[in-house]
Amino acid sequence: MIKPLETLIKILNLEENDYEYQDKAVAGGLGRYADTWQKQAGSMYGEQHSAWIIDIAERLRAYSSLEPEARQTFMETLRQTLAMAPPVEEDTALSLPEPLPPQKTRRRPATSPQGLVAPVTVASGVGQKRAQLLNKLGVYTIRDLLYFYPRRYEDYSKLKTIDQLEYDETVSIIGTVWDAGGRKTHGGRHVFRVILSDHTGTLELTWFNQPYLEGRIKPGMQIVVSGKVGQYLGRLTMNAPSWEPVSRKDLNNARILPIYPLTEGLTQRWIRLIIERTLSSWASRVPDPLTDAIRSAYNLIPLSRALMGVHFPDSESHLKAARYRLAFDESLYLQLGLLQQKRNWKSQPGRVVEVAREQLQAFIGSLPYSLTRAQERALGELLGDMASGQPMNRLLQGDVGSGKTAVAALLMAVTVATGAQAAIMAPTEILAEQHYKSLTLLFEKFPEPPSLALLTGRTSGTEREEVYAGLAAGSIQGVVGTHALIQETVSFHDLALAVIDEQHRFGVEQRAQLRQKGYNPHLLVMTATPIPRSLELTVWGHLDVSVLDEMPPGRQAIATRLLKSNERERAYTFIRRQIETGHQAFIIYPLVAASEKIEARAAVDEAERLQKEVFPNLRLGLLHGRMKPDEKERVMASFAEGELDILVATSVVEVGIDVPNATVMLIDGAERFGLAQLHQFRGRVGRGEHQSYCLLLAEAKSEDALERLKAIEGTNDGFVLAQKDLEMRGPGEFLGTRQSGLPDLPMSIYADTRLLHTVREVAAQILEVDPELAQPEYSLLAESVKLFWDKGETS
C-alpha cells in the first residue's frame, strides 16, 4: 500500500542526495511526475485539500524548469510545503505502483576497520526511526556520518547587519522577529510575512503557501535567515528564505556552524548534535590512510583533526586546512585508481593493427581535403598505439569542426583493411545518422571502401536482422550506431576498433560493454568539450590524450555579438532576413516552462509567442528535455531536413544536431549559461559554407556573467574559453560539473591546480614502488582507494 506523500519524499531525498538536483530521481523528471502525484494525492486526501495538492504539483513542474543551481533553494521551500500535509487515515493508502527511478544502485554501507562499519544506530541519540531518515541521506554507518559534509556554513562572527545589505546578493542575517502573520490573497494563496529587525534596520520576509509557519515563527524569536535580497517599493525583502532559530550558545561563542542537507523529519540542530557526539567518540578511531612521511612532506593535518575541522572548525584557518586535507585524500584516491586502470589496460595483450605506408597514403589522398598538422599529429599517435601490440585507450579532444570524424574514418579504414571490424557509437540517433552519412561519403572515395551499416532504435526489424547477421559473419566491416550497438543481440565477428563519440554522454559501464564486443579492441573516445592542458592528467589520467588544436583552412569564424535585452527586436529582424535568404535559425532559452522563482524566458511560452506575434509566416519547432526521446528525434530530423525555419529549444541542443543550413544561433538569457554550454550552442551553427552568427541576448547583472559573455564574444577558440572557464571557476567546480563515470568528489571544489598536480605526482611515486598497494604501509590506503571507487560504481 503506497502513500503518495511518503513516495514523493523518497523521490526528493534521492534527487537531493544521490542526483544533486539534476532532475533525474524519477524517470522523466519531477515535472513529469507532477501528474502522477496530483492523481494519487487527490484520491487519498480528497477535494477539500485540492489547493495544497495542486500547489505541490505546480512546484514539481517549476522545479524541472530551473537550472541546477537554483533547485537547491527551491527544494527547501518544496519540503516546507510538504510539511503542511493534512492528516490521513492509515487504511486510505492507495494500491498504486511506485514510480520507476532510473537504473541506479543506492550507495552501500561503507567498509572500514575498527568498527566504523557499525550501523548508524550505534551513535548516541540515533534510534531506528531517525536512522531510517539518515538512510535517506545516504548515511548508513558511523563512517558515513563522519563523512556527511556540510553544504555550507554560517559564521556568526561575520554576518552582515541589515543596513549593509545590497540588492541581489545572497546573504544570511540574524535578527529578532518584530511582527509575523499570514493571510489569504484574492487568488487563494496563503502569504506569511515577517518583519525581521536588528539594531540597524528591518527586513521583510515572505513565504507563499506555508501556513504552518504561523505556529513556528513568532514575535520575539531570534532567527537566522538565508536568501537573496530583493526590494519592493523601496523596502528590503527576502522571498522564501531558509531559516532556523538561533541559540544563545551559538551567539555568545560566535561559532562557525555547519549547515547540512536535510530530509523531512530531521533538523539542523539535531544533526549537528549527533555529528558532534559522533566526532567526539569516533574521529580519533578513524585510521589515517596516509603515511607520516606523506603528511609531513605536504603539510597535511591528521585525518581526525580534518574531520573535526570540516564539521566544527575552530577558525577559518582550521576549516581551510581540513578542506585541503580531505581534498588531497579524494584527489589521491582518484589518481591512484586512474593510474592503476591505465597500468591494467597496458598489461593486457592487444592486436597489432597496421597497414603499409602506401595504403595509408592512398586513404589520406582520397579525402576531399588535406589534413591539418594537428590531424596528422593525432593520426600518427593513434596509429602508433594500434601498432604497438597493446590495446589503445586514447581520447581525441578537439573543438567543433576540428576534424575528429575524418581521423576516426581513417582509423576505421585502416582497421577494415587488416580484415577486422570497426564500430562508432554516438549518443543520439540524429548524431549517429550524421556520422553514417559523413562516413559513407568519405568511404566512397577510398580504394576498396569498407562496407558500412547503421544501427539505431529506428532501424526496421528486417534491416536490423540483416545488420545483426552481417556483423556476426563479418560481411559488414564497419557500423555506426547508438546504444543499440551494446545490446546482447549484437555480436561481432572480429571487432578491433571501438570509437565512442561525445564520450561524456556515456557511462563507464556502457563504454565497457562496447569493448566487450571484441577481444581487447582498441578504444578511441572523442569529445568536443575541451579541457585545459593543465587538467588533462587529472581528468583523463587513465587515457592517453591527443589534441586537435587547429581548424581546417577556410572555415569561417562565427561572428558573435552581445546584445542588451532592449535589442531583442533587432535580433528578430536579423533572423527574419537570414531566413528570407534560405537559411535557418536556432533560438535557445534557459527554461522549459515559466517559473515564479526565476525571471527568465521559457521555451514553451516563447515558442507560442514567437509563432503568433513575431514570426507568424514562418515554420517553428519546439525542442526541450521533457519531450520523449522519439519526439525529440522527430523534431531534430524535421529541422535538419529543412521542414522548419526556426528551432526554439533549451540546452538539449548542446550536442548532437548538425544542420549546415542553420546560420543564426540566438541565445536568449545567455547570462544563465556557463562558458562551455555557450560555446557548444554556438557550435551548432557555422557547419556549412555560409557565414554564421551567434547572438547573445542577456541581462547581465553580475560581473561574472558579463565576463563570461565578453569572453565568448571575443574568441571562437574552445581551448582558450576552457582555460578562461577554469580561471573563473577554479578546478574543483570546473571538474565537478563536467565528468561522467567518476566517483563523487565533494571536496574537490576546494582543490586548486597545484594541489591536483601534486597529488598526481604522489600517486605516481607510490605506484612506482608498490603498483598493487600491497606493502603493509599502504594497506589502509589500498582499502580507502577501493572504498572510494566502489562507491563510484554504486552511487
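Guide: Welcome! Two strands are said to pair when DSSP finds at least two bridges between them. The model here is a predicted one.

Visitor: How do you know that strand 13 and strand 14 pair?

Guide: Four bridges link strand 13 (residues 495–500) with strand 14, in the parallel sense. The cut-off is at least two bridges, so these strands count as a pair. Within strand 14, Leu523 has Ala498 opposite.

Visitor: What makes strand 9 a partner of strand 14?

Guide: Strand 9 (residues 393–398) and strand 14 share five bridges and run parallel. With at least two needed, they therefore pair. Here the residue opposite Leu523 is Asn393.

Visitor: Why is strand 14 called largely enclosed?

Guide: Buried means under 20% relative accessible area. Six of the six residues of strand 14 (residues 522–527) are buried, so the rest of the structure largely encloses this strand.

Visitor: What makes strand 6 a partner of both strand 4 and strand 5?

Guide: Strand 4 (residues 201–208) and strand 6 (residues 235–239) run parallel and are joined by three bridges. Strand 5 (residues 222–232) runs antiparallel to strand 6, with four bridges between them. Pairing takes at least two bridges, so strand 6 pairs with each of these strands. Thr237 in strand 6 is the bridge partner of Glu204, while Met238 in strand 6 is that of Val229.

Visitor: What lies between strand 5 and strand 6 in their hairpin?

Guide: Two residues separate the strands of this hairpin, where Leu233 takes a positive phi near 55 degrees.

Visitor: How many residues line the second largest pocket, and what is its volume?

Guide: Its volume is about 1400 Å³. The lining has 49 residues, and those closest to the pocket's centre are Gly401, Thr405, Ser438, Asp658 and Arg687. Helix 14 (404–417), helix 15 (429–444) and helix 21 (629–640) are the elements giving two or more residues to this lining. Helix 15 gives the most, with nine residues.

Conventions
Residues numbered from 1 in each chain as written. Predicted model: local features only at pLDDT ≥ 70, side-chain atom pairs only at ≥ 80, totals over all residues. Heavy atoms only, no water. Buried < 20%, exposed > 50% of the residue type's maximum accessible area, 1.4 Å probe, protein only. 1 Å grid on protein atoms, 1.4 Å probe; cavity = no way out; pocket = protein on both sides within 12 Å on 5 of 7 lines; lining within 4 Å. Points joined across faces, edges and corners; volume = space filled by probe spheres on them.
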